[in-house]
Amino acid sequence: MDLLFSPADEQYRTRIRAWLSDNAGDLALIAKAEDPLQAARDWQRKMYEAGFVGLTWPKSCGGQEASLTQQVVLSEELAQARIPHLINGIALTTLGPTLIQHGTEQQRQRFLPGILSAKEIWCQGFSEPGAGSDLPSLTTRAVLDGDEFVVNGQKVWTSLAPIADWCFLLARTDPKAPKREGISYLLCDMKTPGVTVRPLRNAGGGFHFSEVFFEDVKIPRDNCVGEINGGWKIARSTLEHERSGLSGVVALEANLERQRQMAAKLKVGDKTALDKPGNRQKLAQYWIEIEGLRHLGYRALSDQLAGRPPGASASVGKLFSSRLRQKIAKTSLELAGPLAPVAKKSPHVIERGRLHAGYFDALGYSIGGGTSEIMHNTIAERILGLPRSTRDD
Amino acid sequence: MDFELSAEQVAMRDVARNMLGERWHPDKMREAIDKPPATIPTDLWAELSQMGWLGVNCDEILGGGGQDILTAAILVEEAGRALLPSTFSTNLASAWAIENSANQAHRDGLLTELVLGNKRVTLAIEENHGSWGPDTIELNATGNDRDDTLHLSGTKLLVPDGSTADLFLVAARHDENLCLVAVDADAQGVTVNAMKRLDGADIVELELNDVAVPASALLQWGGDGESLLREVYSVFTVLIAADLLGSAEVTLQMTSDYAKERVQFGQPIGSFQAVSHRLADILVQVEIGRSLLYGACLALTEQREERHALVAAAKSWLNETAIDATEAGVQLHGGIGYSWELDVHLHLRRARSNAATLGDSDFHRDQIANYYCDRPG
Ligand SMILES: Cc1cc2nc3c(=O)[nH]c(=O)nc-3n(C[C@H](O)[C@H](O)[C@H](O)COP(=O)(O)OP(=O)(O)OC[C@H]3O[C@@H](n4cnc5c(N)ncnc54)[C@H](O)[C@@H]3O)c2cc1C
């Protein structure tokens with residue numbers, strides 16, 4: 001047993017650090033840019049041109065065919081340097097691998113370069129008003145008419161929709177088939193007539209997700225990934241394309257470190273928040289849980305390296321890390337004591353309102369990408385082998 | 001990068017699970033709750049030695065099994081599952097102490113006796129101060145360099161496997177420094193008073209009344225007894241954490257199995273989310289606990305800087321995991337879960353006992369707070 005990265009991986013780490021320190025200046029510009037979207041695209045393109053995007057993809061698909069451990073090293077370094085997620089992150093982790101596995105050669109040639117360089121930004125149109133956790137009950141219809149699908153329906157909570165150039169969506173192509181066997185995986189140009197995006201404000205105040213309406217939207221038949229009516233299996237395989245979660249650990253570690261430094265500065269009477277025994281116990285608890293998650297990640301990575309299937313173990317990491325993220329964010333807010341509710345831009349606000357944003361941000365983690373309740377079901381059924389709860393899915 | 005058990009470790013675990021399941025029955029712990037504490041009979045003890053498990057973590061040159069701390073932890077985890085008395089953890093932690101002692105005579109003679117099962121050795125660390133750990137130790141060892149004798153006086157509590165021990169490794173203060181001193185059970189001035197744990201395990205109070213031992217009875221580590229003691233405390237602690245993992249995991253398994261079979265309202269109770277989600281939470285706790293345990297064992301073996309904090313993390317987390325798992329075990333079995341016959345309460349008793357051994361969760365969080373919160377910057 002060892003936790004060592006190979007000399008080659010460590011050399012790679014050095015290379016990333018050097019590149020980041022030479023180029024991080026550009027990143028600072030994004031925050032201040034007049035056109036932040038363009039700046040975010042430029043940043044991803046720059047990362048791509050330096051060979052840091054699509055790391056484990058085949059070379060024929062524009063990737064680097066790098067090892068899993070290099071992928072881990074890269075995501076650790078990016079999180080360490082607090083580099084924000086790439087603008088096309090959703091497509092890079094889900095759609096890209098789907099096209100590589102199930103797409104036609106033509107689809108790969110057409111779409112992968114734009115995903116990698118962020119020339120084309122993608123959104124994921126899965127959830128609907130009537131189909132969230134029970135995704136297979138979705139009702140957006142796609143009817144094949146000659147060489148085109150005609151799509152009618154509505155998607156919701158679609159992240160990035162207003163800025164997206166393309167959408168990968170699930171639509172029902174056979175309403176008579178059992179619900180998992182009548183779904184297709186389609187690629188839709190967001191500029192197609194009939195597509196309407198209505199941004200939704202989220203609980204934290206931001207405009208992160210939207211509603212997307214489809215009204216007689218025409219999608220070429222060639223933009224169906226895999227077989228017609230075979231979309232559910234394909235979508236599922238990429239929902240399970242989860243990473244070892246080690247980059248999330250580094251981010252949580254940085255959160256906790258910021259919390260510790262803040263607590264050391266916050267005055268409570270003639271002491272600091274960090275002197276309070278209750279707070280010290282909480283910080284220690286989060287330290288324990290982050291180490292637990294890190295070592296769980298190493299176990300998952302070892303399984304992957306040894307070619308053992310990840311199975312449902314990703315649900316363990318997702319459930320645990322979203323909860324941990326929320327506990328840390330909640331404590332950060334509470335450490336501010338009486339000043340915790342002071343709004344941003346108000347006099348006496350703590351940390352310029354960052355704590356509120358972090359708190360709301362954390363709340364979304366146990367809903368998006370499969371809720372914590374669904375993670376519990378998955379663990380109960382697929383790891384413990386318990387019988388399914390009575391439901392018709 | 002390889003952070004899973006090796007094929008040999010998995011094989012040893014399976015052998016241990018079978019062997020202990022055949023040769024030890026949980027009824028012995030159940031009976032011990034009303035009778036004198038449970039101990040390992042001589043024939044089973046000899047078998048454990050023949051399997052090469054006593055001192056499995058010691059160097060082969062010294063007669064041990066040549067394995068690392070993780071391997072020792074795997075054995076202790078199996079002992080926890082099987083409800084075997086705490087013999088592995090005391091034997092293996094003592095073996096580690098002796099092997100890492102600078103005292104050549106101990107390494108050559110004593111270790112062989114321990115590995116062969118001829119001598120049962122245990123650790124006497126905690127005293128009656130309402131807390132745990134090396135910092136609370138007061139028992140005095142007096143004597144000076146010219147004098148070739150040490151004199152020990154004081155009382156140790158909660159000494160595991162004390163009624164069958166031939167030798168105690170006693171934590172003491174000597175010239176303001178902490179150290180470990182080997183004291184024979186039959187030395188003049190030693191009194192062993194039986195105690196018993198909630199789970200029927202054998203613990204004792206050890207009274208030392210001006211016990212004289214030769215200075216060579218001092219165990220040292222690079223000439224520094226204090227760091228040896230702190231290291232031994234961490235090794236012992238991580239082994240108790242492994243025992244807790246064993247209790248948690250086997251109870252989770254028993255309870256999941258029951259949830260698949262027991263039918264109420266026309267369906268297996270495991271289909272009710274109030275049941276299945278509680279079990280899923282326990283599974284998450286167990287998986288995190290196992291990960292922490294591996295991390296702590298590896299850090300100890302590699303002598304990494306954060307090793308004591310990782311041991312504290314594993315113990316703190318697994319204390320709570322084992323208690324949660326065994327309490328859930330009682331609840332989710334319903335009436336039978338509350339019965340004397342079912343083994344679940346035996347695991348609950350063991351978990352409760354081990355959780356209060358070598359530091360509860362608050363204690364270990366305090367250790368981590370001292371390590372993490374007060375770092376500069
Ligand atoms: C920040 C954020 C970003 C998102 N981005 C996208 C995106 O880009 N694209 C996209 O397609 N979707 C996106 N989503 C939607 C997300 O996938 C869904 O919200 C999620 O799957 C839950 O579906 P729902 O909202 O319909 O809730 P519901 O499924 O209605 O659930 C409501 C509550 O009931 C519980 N529940 C439901 N079924 C069960 C069950 N079987 N057992 C126990 N409890 C149950 C749920 O856990 C939840 O607490 C995003 C969501 C968030 C919060």
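Trainee: How many residue pairs are in polar contact between chain B and chain A, both at pLDDT 80 or more?

Mentor: This is a predicted model, in which local features need pLDDT of at least 70 and side-chain atom pairs count only at pLDDT 80 or more, while totals for chains, interfaces and linings use all residues. Residues are numbered from 1 along each chain as its sequence is written, chains are lettered from A and ligands numbered from 1 in the order in which they are written, and side-chain values use heavy atoms, with hydrogens and water left out. A polar contact is a pair of N or O atoms within 3.5 Å, where within protein one must be able to donate a hydrogen and the other to accept it, and residues adjacent in sequence count only if both atoms are side-chain atoms. On that basis, the count between chain B and chain A is 22 residue pairs.

Trainee: Which element gives the most to the side of chain B that touches chain A?

Mentor: Helices (H or I, at least four residues) and strands (E, at least two) are DSSP runs, numbered from the N terminus. Among the elements of chain B that each supply at least two residues to this side are α7 (225-261) and α9 (307-332). The most, 16 residues, comes from α8(B).

Trainee: Which side chains meet in a salt bridge at 2.9 Å, N to O?

Mentor: A salt bridge is a side-chain nitrogen of Lys or Arg within 4 Å of a carboxyl oxygen of Asp or Glu. Between chain B and chain A the count is four salt bridges. The pair at 2.9 Å is R323(A) and D281(B).

Trainee: How many of the 13 residues of α3(A) are buried?

Mentor: Buried means under 20% relative accessible area, with a 1.4 Å probe and protein chains only. V72(A) and L74(A) are among the buried residues of α3(A), and the helix is mostly covered, the number buried being ten.

Conventions: Buried means under 20% relative accessible area, exposed over 50%, partly exposed in between (1.4 Å probe, protein chains only).
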